[in-house]
Amino acid sequence: QVQLVESGGGSVQAGGSLRLSCAISGHTFTHYFMAWFRQAPGKEREYVGHIGGRPYYADSVKGRFTISRDTAKNTMTLQMNSLKPEDSAVYLCAATPKAATLWLAGTYDYWGQGTQVTVSS
């Protein structure tokens, strides 16, 4: 059974950093696209970025967030720096074999349960 499990969330003050991890089990995701999305209360799920051969980012996080993956360990990480209160959300990792519309949540076949990130001002 495929499982994606996020970890590393928590509370931090504005300007601080957090590092999230996504561990994948039950499948080898070497040739899959992996992504991070986030969802704040009452808001739609928002694209943060994805990685295949190289990472891509939403404009709102570009220059502050870094996505990386370790295919040997079947993990993906999201390093978040210079955090802002508007970054507060549940962060979810996702995976898909499809190389199209990777900024859309509906493209992804597998999802983790999410980890909460809270940034206080």
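These are some friendly notes on a predicted model, one topic per point.

1. **Ground rules.** This is a predicted model, in which local features need pLDDT of at least 70 and side-chain atom pairs count only at pLDDT 80 or more, while totals for chains, interfaces and linings use all residues. Residues are numbered from 1 along each chain as its sequence is written, and side-chain values use heavy atoms, with hydrogens and water left out.

2. (Axes are lines fitted to C-alpha atoms, for helices over the stretch in contact, and angles run from 0 to 180 degrees between N-to-C directions.) Strands here are DSSP runs of E with at least two residues, and helices are runs of H or I with at least four, numbered from the N terminus. Two strands pair if DSSP finds at least two bridges between them.

3. **Strand by strand.** Starting from β1, five bridges join this strand to β3 (residues 18-25), and the two run antiparallel. Within that pair, Glu6 has Cys22 of β3 as its bridge partner. Next, β3 and β8 pair over six bridges, in the antiparallel sense, with Leu18 opposite Met80 in β8. Then β7 and β8, also antiparallel, are joined by six bridges. Ser68 has Thr77 of β8 as its bridge partner, and Asp70 stands opposite Thr75 in β8.

4. **The two faces of β1.** In a regular strand the side chains alternate between the two faces of the sheet. In β1, Leu4 and Glu6 make up the covered face, whereas Gln3, Val5 and Ser7 lie on the uncovered one. Val5 counts as partly exposed because its relative accessibility is 44%; the class lies between buried (under 20% relative accessible area) and exposed (over 50%), using a 1.4 Å probe and protein chains only. Setting aside residues up to four places away in sequence, Val5 touches Ser21, Cys22 and Ala23, where contact means heavy atoms within 4.5 Å.

5. Rolling a probe the size of a water molecule over the atoms shows where empty space is left. Searching the whole structure turns up one cavity of 30 Å³ or more, and the largest cavity holds about 50 Å³ of space. A cavity is a set of points on a 1 Å grid over the protein atoms alone where a 1.4 Å probe fits but cannot get out, and lining residues have an atom within 4 Å of a point. Points are joined across faces, edges and corners, and the volume is the space filled by probe spheres set on them. The lining consists of Ile24, Phe29, Thr30, Met34, Arg69, Asp70, Thr71, Asn74, Thr75 and Met76. Two elements, β7 (65-70) and β8 (75-80), each give two or more residues to this lining. By class, the lining has four nonpolar, four polar and two charged residues.

6. **Backbone spots to check by eye.** Most residues other than glycine have a negative phi, and most peptide bonds are trans. In the hairpin of β7 and β8, with four residues between the strands, Asn74 takes a positive phi near 55°. Asn74 is also among the residues lining the largest cavity. Ser82, in the loop between β8 and β9, is not a glycine but has a positive phi of about 50°. With a relative accessible area of 40%, Ser82 is partly exposed. Thr101 is not a glycine either, and has a positive phi of about 45°.

7. **The loop between β9 and β10.** Which residues of this loop are worth a look? Thr101, Leu102 and Thr107 are among them. Thr101 is partly exposed at a relative accessible area of 34%, while Leu102 is buried at 8%. Thr107 counts as buried because its relative accessibility is 7%. Beyond four places in sequence, Leu102 touches Phe33, Phe37, Tyr47, His50, Thr96, Thr107 and Tyr108. The contacts of Thr107, leaving aside neighbours within four places, are Thr96, Lys98, Ala100, Thr101 and Leu102.

Conventions
1 Å grid on protein atoms, 1.4 Å probe; cavity = no way out; pocket = protein on both sides within 12 Å on 5 of 7 lines; lining within 4 Å. Nonpolar A, V, L, I, M, F, W, Y, C, P; charged D, E, K, R; others polar.
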